[in-house]
Amino acid sequence: MRSFNGVTQVKKKSVELQSEPCKFRQTDQSKVVLNMADYTHILVAVDLTEESRIVATKACGLKSAYDANLSCVHVIEPLSLAYGGDIPMDLSTIQEQIHETAKSHLAEFASTLDIATENQHLIFGRPETEIDTLAQQISADVIVVGSHGRHGIALLLGSTANGVLHGAPCDVLAVRVGT
Ligand code: AMP
């Protein structure tokens with residue numbers, strides 16, 4: 001009798017599961033698309049290497065798909081952060097040169113993407129922190145960032161994409177670049 005009951009119970013359960021409404025099937029396709037259309041402001045983070053083009057292409061695809069605004073950001077890591085007190089010399093002149101070079105490279109890059117000057121951001125600091133802070137400030141809905149899909153020790157050490165993802169105030173699209 002017990003095994004009979006057991007079988008009956010299992011059958012009953014499977015019927016209940018089958019009759020459970022499938023959310024995806026029941027949801028109107030157009031509603032799903034509508035939800036995705038929440039993207040109104042995209043922030044693309046560029047390190048101004050060759051790979052930036054791949055990341056920017058994805059960001060532009062999102063921009064056209066959602067008719068959204070597009071902003072871009074490049075973060076300059078202060079030499080003092082990178083080297084601390086290891087180099088006993090005044091780094092301000094070199095830092096100023098780096099800033100000027102980055103400024104013109106960012107402007108050039110942004111103009112190829114049709115990004116207005118006020119949507120181009122050049123910031124000093126740690127990339128992952130500054131990207132997330134800026135996303136918050138400009139109310140970006142999605143950050144587009146490159147990701148190298150690192151393995152082993154490099155993965156343990158982390159990456160900009162990982163850092164951005166962990167502190168992001170919004171969605172993050174990690175675009176696979178390089179190896
Ligand atoms: P990484 O993990 O440092 O190799 O960088 C991966 C991605 O993070 C790049 O493709 C950019 O999207 C972003 N990124 C890295 N460094 C910067 C930076 N200095 N400024 C803005 N974005 C950056």
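Strand β2 gives the most to the shell around the ligand, with three residues. This is a predicted model, where local features need pLDDT of at least 70, side-chain atom pairs count only at pLDDT 80 or more, and totals for chains, interfaces and linings use all residues. Residues are numbered from 1 along each chain as its sequence is written.

User: Which residues surrounding the ligand are the closest?
Analyst: A residue is near a molecule if its C-beta atom, placed from the backbone, lies within 6 Å of it. Here 16 residues surround the ligand, and the closest are Ala45, Asp47, Gly146, Ser159 and Thr160.

User: Which elements each supply at least two residues of the shell?
Analyst: Helices (H or I, at least four residues) and strands (E, at least two) are DSSP runs, numbered from the N terminus. In this model they are β2 (69-76), β4 (142-147) and α9 (160-167).

User: What is the phi of Asp67, and of Asp114?
Analyst: Most residues other than glycine have a negative phi. Asp67 has a positive value near 50°, and Asp114 one of about 65°. Asp67 sits in the loop between α4 (52-66) and β2, while Asp114 lies between α6 (92-112) and β3 (120-124). Asp67 is exposed, with 9 other C-beta atoms within 10 Å; Asp114 is exposed with 10.

How values were computed
Buried ≥ 20, exposed ≤ 12 C-beta atoms within 10 Å, placed from the backbone.
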